[in-house]
Amino acid sequence: MTDVDVVVIGAGPVGEVAAGRIADGGLSVVLVERELVGGECSYWACIPSKTLLRPGDVLAEARRVPGAAEAVKQSGRTDVKVTGLSLPNLCRAYIKEGVIESIVLWNTLDLGALTVATANALATGRLAPGARELDAGPFGTYEIAGDEVRLGAPFLFNKANIDRFTF
Ligand SMILES: Cc1cc2nc3c(=O)[nH]c(=O)nc-3n(C[C@H](O)[C@H](O)[C@H](O)COP(=O)(O)OP(=O)(O)OC[C@H]3O[C@@H](n4cnc5c(N)ncnc54)[C@H](O)[C@@H]3O)c2cc1C
(Lines give C-alpha, C1' and ligand atoms only; values in the text may rest on other atoms or scores of the structure.)
Protein backbone atom coordinates (compact mmCIF):
# COMPACT_ATOMS: atom_id res chain seq x y z
CA MET A 1 0.00 0.00 0.00
CA THR A 2 1.22 3.50 -0.89
CA ASP A 3 1.12 6.34 1.62
CA VAL A 4 0.05 9.76 0.36
CA ASP A 5 -0.31 13.08 2.14
CA VAL A 6 -3.80 13.91 0.85
CA VAL A 7 -6.67 12.02 -0.76
CA VAL A 8 -9.14 14.24 -2.64
CA ILE A 9 -12.51 12.59 -3.24
CA GLY A 10 -14.32 13.81 -6.36
CA ALA A 11 -12.68 15.10 -9.54
CA GLY A 12 -15.08 17.91 -10.34
CA PRO A 13 -13.68 21.42 -10.88
CA VAL A 14 -13.08 21.80 -7.14
CA GLY A 15 -11.33 18.45 -6.69
CA GLU A 16 -9.18 18.96 -9.78
CA VAL A 17 -8.02 22.39 -8.62
CA ALA A 18 -7.48 21.22 -5.04
CA ALA A 19 -5.40 18.23 -6.16
CA GLY A 20 -3.37 20.41 -8.52
CA ARG A 21 -2.63 23.01 -5.85
CA ILE A 22 -1.70 20.35 -3.31
CA ALA A 23 0.74 18.76 -5.78
CA ASP A 24 2.13 22.21 -6.71
CA GLY A 25 2.72 22.77 -3.00
CA GLY A 26 4.93 19.68 -2.85
CA LEU A 27 2.60 17.17 -1.18
CA SER A 28 1.66 13.82 -2.65
CA VAL A 29 -2.01 13.55 -3.58
CA VAL A 30 -4.45 11.01 -4.96
CA LEU A 31 -7.60 12.14 -6.73
CA VAL A 32 -10.48 9.63 -6.53
CA GLU A 33 -13.39 9.88 -8.96
CA ARG A 34 -16.33 7.46 -9.14
CA GLU A 35 -17.72 8.57 -12.49
CA LEU A 36 -16.13 11.14 -14.84
CA VAL A 37 -13.05 13.28 -14.28
CA GLY A 38 -14.28 16.85 -14.81
CA GLY A 39 -17.44 16.42 -12.74
CA GLU A 40 -20.79 18.09 -13.25
CA CYS A 41 -19.46 21.20 -15.01
CA SER A 42 -17.79 19.40 -17.93
CA TYR A 43 -20.44 16.79 -18.65
CA TRP A 44 -23.88 17.90 -17.41
CA ALA A 45 -23.82 21.56 -16.44
CA CYS A 46 -21.73 24.61 -17.49
CA ILE A 47 -20.27 23.41 -20.78
CA PRO A 48 -23.29 21.49 -22.20
CA SER A 49 -25.69 24.28 -21.18
CA LYS A 50 -23.54 26.97 -22.86
CA THR A 51 -23.07 24.77 -25.92
CA LEU A 52 -26.86 24.58 -26.26
CA LEU A 53 -27.43 28.30 -25.62
CA ARG A 54 -24.71 29.83 -27.79
CA PRO A 55 -25.98 28.70 -31.25
CA GLY A 56 -29.34 30.39 -30.53
CA ASP A 57 -27.56 33.59 -29.46
CA VAL A 58 -25.38 33.58 -32.57
CA LEU A 59 -28.37 33.03 -34.87
CA ALA A 60 -30.28 35.89 -33.20
CA GLU A 61 -27.20 38.10 -33.58
CA ALA A 62 -26.84 37.13 -37.25
CA ARG A 63 -30.49 38.08 -37.89
CA ARG A 64 -30.11 41.51 -36.28
CA VAL A 65 -27.73 42.68 -39.04
CA PRO A 66 -30.18 42.34 -41.98
CA GLY A 67 -32.92 43.68 -39.67
CA ALA A 68 -30.89 46.84 -39.05
CA ALA A 69 -30.01 47.04 -42.74
CA GLU A 70 -33.71 46.94 -43.68
CA ALA A 71 -34.45 49.75 -41.20
CA VAL A 72 -31.64 51.88 -42.64
CA LYS A 73 -32.76 51.15 -46.18
CA GLN A 74 -36.38 52.11 -45.46
CA SER A 75 -35.28 55.32 -43.75
CA GLY A 76 -33.56 56.35 -46.98
CA ARG A 77 -30.29 57.14 -45.18
CA THR A 78 -27.30 56.57 -47.43
CA ASP A 79 -24.79 57.94 -44.94
CA VAL A 80 -25.32 55.03 -42.49
CA LYS A 81 -23.57 51.71 -43.10
CA VAL A 82 -24.57 48.59 -41.17
CA THR A 83 -22.07 45.95 -40.16
CA GLY A 84 -21.80 43.07 -37.67
CA LEU A 85 -21.46 39.35 -37.18
CA SER A 86 -23.78 37.67 -39.66
CA LEU A 87 -24.23 35.16 -42.49
CA PRO A 88 -23.61 35.77 -46.21
CA ASN A 89 -27.02 34.40 -47.26
CA LEU A 90 -28.87 36.69 -44.82
CA CYS A 91 -26.98 39.81 -45.93
CA ARG A 92 -26.23 39.23 -49.61
CA ALA A 93 -28.98 41.54 -50.98
CA TYR A 94 -28.05 44.38 -48.59
CA ILE A 95 -24.35 44.02 -49.36
CA LYS A 96 -25.07 44.22 -53.09
CA GLU A 97 -27.27 47.30 -52.55
CA GLY A 98 -24.54 48.93 -50.47
CA VAL A 99 -26.57 49.23 -47.23
CA ILE A 100 -24.09 46.81 -45.63
CA GLU A 101 -20.46 47.33 -46.64
CA SER A 102 -19.17 44.17 -44.98
CA ILE A 103 -20.04 41.55 -42.39
CA VAL A 104 -17.63 39.57 -40.30
CA LEU A 105 -17.54 35.88 -39.48
CA TRP A 106 -15.14 32.98 -39.44
CA ASN A 107 -15.09 31.36 -42.86
CA THR A 108 -16.81 27.97 -42.50
CA LEU A 109 -14.78 26.54 -45.40
CA ASP A 110 -11.57 27.34 -43.50
CA LEU A 111 -13.09 25.85 -40.33
CA GLY A 112 -13.85 22.56 -42.09
CA ALA A 113 -10.42 22.43 -43.72
CA LEU A 114 -8.70 23.17 -40.42
CA THR A 115 -10.68 20.44 -38.61
CA VAL A 116 -9.67 17.84 -41.21
CA ALA A 117 -6.04 19.05 -41.24
CA THR A 118 -5.88 18.88 -37.43
CA ALA A 119 -7.34 15.35 -37.34
CA ASN A 120 -4.91 14.26 -40.07
CA ALA A 121 -1.92 15.75 -38.23
CA LEU A 122 -2.98 14.00 -35.00
CA ALA A 123 -3.56 10.66 -36.73
CA THR A 124 -0.20 10.74 -38.54
CA GLY A 125 1.75 11.91 -35.48
CA ARG A 126 2.70 15.29 -36.97
CA LEU A 127 0.85 17.02 -34.11
CA ALA A 128 1.94 16.14 -30.61
CA PRO A 129 1.12 17.53 -27.15
CA GLY A 130 2.99 20.78 -26.50
CA ALA A 131 3.08 21.84 -30.17
CA ARG A 132 2.81 25.62 -30.66
CA GLU A 133 1.99 25.62 -34.36
CA LEU A 134 0.03 23.48 -36.81
CA ASP A 135 1.31 23.29 -40.37
CA ALA A 136 -1.91 22.71 -42.32
CA GLY A 137 -0.22 22.56 -45.74
CA PRO A 138 -2.11 24.56 -48.37
CA PHE A 139 -4.40 25.97 -45.66
CA GLY A 140 -1.54 27.76 -43.91
CA THR A 141 -0.01 27.71 -40.45
CA TYR A 142 -2.13 28.04 -37.33
CA GLU A 143 -1.21 29.02 -33.78
CA ILE A 144 -1.85 26.49 -31.00
CA ALA A 145 -2.63 27.83 -27.53
CA GLY A 146 -2.86 25.10 -24.88
CA ASP A 147 -5.19 22.50 -26.39
CA GLU A 148 -6.78 24.90 -28.89
CA VAL A 149 -5.86 25.30 -32.55
CA ARG A 150 -6.70 28.94 -33.25
CA LEU A 151 -8.51 29.82 -36.44
CA GLY A 152 -7.08 33.34 -36.40
CA ALA A 153 -8.70 36.53 -37.59
CA PRO A 154 -12.29 36.39 -38.85
CA PHE A 155 -13.15 36.90 -42.51
CA LEU A 156 -14.70 40.04 -44.02
CA PHE A 157 -17.49 39.32 -46.48
CA ASN A 158 -18.13 42.16 -48.92
CA LYS A 159 -19.50 42.89 -52.39
CA ALA A 160 -16.34 41.52 -54.04
CA ASN A 161 -16.46 38.07 -52.44
CA ILE A 162 -20.02 37.45 -51.16
CA ASP A 163 -21.09 35.31 -54.15
CA ARG A 164 -18.40 32.75 -53.33
CA PHE A 165 -20.30 31.77 -50.17
CA THR A 166 -23.65 30.03 -49.74
CA PHE A 167 -24.41 29.62 -46.06
C1 LIG B 1 -27.09 23.81 -15.71
C2 LIG B 1 -25.89 24.29 -14.94
C3 LIG B 1 -25.08 25.25 -15.50
C4 LIG B 1 -23.95 25.71 -14.82
N5 LIG B 1 -23.18 26.64 -15.41
C6 LIG B 1 -22.10 27.13 -14.77
C7 LIG B 1 -21.26 28.10 -15.36
O8 LIG B 1 -21.51 28.58 -16.47
N9 LIG B 1 -20.19 28.54 -14.66
C10 LIG B 1 -19.89 28.03 -13.42
O11 LIG B 1 -18.88 28.48 -12.83
N12 LIG B 1 -20.65 27.08 -12.83
C13 LIG B 1 -21.74 26.61 -13.47
N14 LIG B 1 -22.50 25.63 -12.87
C15 LIG B 1 -22.11 25.14 -11.56
C16 LIG B 1 -20.98 24.10 -11.64
O17 LIG B 1 -21.37 23.01 -12.45
C18 LIG B 1 -20.67 23.62 -10.23
O19 LIG B 1 -20.45 24.75 -9.41
C20 LIG B 1 -19.44 22.78 -10.21
O21 LIG B 1 -19.56 21.66 -11.05
C22 LIG B 1 -19.15 22.34 -8.79
O23 LIG B 1 -17.94 21.62 -8.78
P24 LIG B 1 -17.60 20.53 -7.67
O25 LIG B 1 -16.24 20.03 -7.99
O26 LIG B 1 -17.87 21.12 -6.31
O27 LIG B 1 -18.71 19.40 -7.82
P28 LIG B 1 -19.02 18.38 -9.02
O29 LIG B 1 -18.77 18.99 -10.36
O30 LIG B 1 -20.41 17.88 -8.71
O31 LIG B 1 -17.96 17.24 -8.83
C32 LIG B 1 -18.01 16.30 -7.78
C33 LIG B 1 -17.39 15.00 -8.29
O34 LIG B 1 -17.27 14.13 -7.19
C35 LIG B 1 -17.57 12.81 -7.63
N36 LIG B 1 -17.95 12.08 -6.43
C37 LIG B 1 -18.98 12.33 -5.58
N38 LIG B 1 -18.96 11.45 -4.58
C39 LIG B 1 -17.90 10.62 -4.76
C40 LIG B 1 -17.38 9.52 -4.07
N41 LIG B 1 -17.93 9.07 -2.94
N42 LIG B 1 -16.27 8.91 -4.57
C43 LIG B 1 -15.69 9.34 -5.72
N44 LIG B 1 -16.15 10.40 -6.41
C45 LIG B 1 -17.25 11.02 -5.96
C46 LIG B 1 -18.69 12.99 -8.62
O47 LIG B 1 -18.78 11.88 -9.50
C48 LIG B 1 -18.25 14.27 -9.34
O49 LIG B 1 -17.46 13.99 -10.50
C50 LIG B 1 -23.64 25.17 -13.54
C51 LIG B 1 -24.45 24.19 -12.97
C52 LIG B 1 -25.57 23.75 -13.66
C53 LIG B 1 -26.44 22.66 -13.03
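Student: What should be settled before any feature is read?

Tutor: The model is predicted: local features need pLDDT of at least 70, side-chain atom pairs count only at pLDDT 80 or more, and totals for chains, interfaces and linings use all residues. Residues are numbered from 1 along each chain as its sequence is written.

Student: How many residues surround the ligand, and which are the closest?

Tutor: A residue is near a molecule if its C-beta atom, placed from the backbone, lies within 6 Å of it. Here 18 residues surround the ligand, and Gly-10, Gly-12, Val-14, Gly-39 and Ala-45 are the closest. For the classes, Ala, Val, Leu, Ile, Met, Phe, Trp, Tyr, Cys and Pro count as nonpolar, Asp, Glu, Lys and Arg as charged, and the others, Gly among them, as polar. The shell has nine nonpolar, five polar and four charged residues.

Student: Which helices supply at least two residues of that shell?

Tutor: Helices (H or I, at least four residues) and strands (E, at least two) are DSSP runs, numbered from the N terminus. Helix H1 (13-24), helix H2 (39-43) and helix H3 (46-75) each supply at least two residues of the shell around the ligand.

Student: What does the domain assignment give for the protein chain?

Tutor: Domain bounds come from an automatic or database domain assignment. In this case they are 6-43 for domain 1 and 55-164 for domain 2. The centres of the two domains, taken over C-alpha atoms, are separated by 38 Å.

Student: How is the length of a helix checked?

Tutor: The expected span is 1.5 Å times one less than the number of residues. For helix H5 (residues 108-123), the 16 residues should span 22 Å, and the end C-alpha atoms are 23 Å apart, which agrees. H1, with 12 residues, reaches 16 Å from its first C-alpha to its last, close to the expected 16 Å. Each of these helices is followed by a glycine with positive phi: Gly-125 after H5, near 80 degrees, and Gly-26 after H1, near 100 degrees.

Student: In what order do the strands of the open sheet lie?

Tutor: Strands of a sheet pair through backbone hydrogen bonds, either parallel or antiparallel. Two strands pair if DSSP finds at least two bridges between them. Here three strands form an open sheet in the order S4-S5-S6, with antiparallel pairing. Strand S4 (133-135) and strand S6 (148-149) are the edge strands, each pairing on one side only. Three bridges join S4 to strand S5 (residues 141-145), and Asp-135 has Thr-141 in S5 as its bridge partner.

Student: Is Cys-91 buried or exposed?

Tutor: A residue is buried if 20 or more other C-beta atoms lie within 10 Å of its own, exposed if 12 or fewer, and partly exposed in between, with C-beta atoms placed from the backbone. Cys-91, in helix H4, counts as buried because it has 24 C-beta neighbours inside 10 Å. Leu-90, also found in helix H4, has 19 such neighbours and therefore counts as partly exposed. Leu-122, in helix H5, has 12 and so counts as exposed.

Student: Which residues form the largest nonpolar core?

Tutor: A nonpolar core is a set of buried Ala, Val, Leu, Ile, Met, Phe, Trp, Tyr and Cys residues joined through C-beta atoms within 7 Å. The largest has 10 residues: Val-65, Ala-69, Val-82, Cys-91, Tyr-94, Ile-95, Val-99, Ile-100, Ile-103 and Phe-157. H3 and helix H4 (88-97) each supply at least two residues of this core, and the largest share, three residues, comes from H4.
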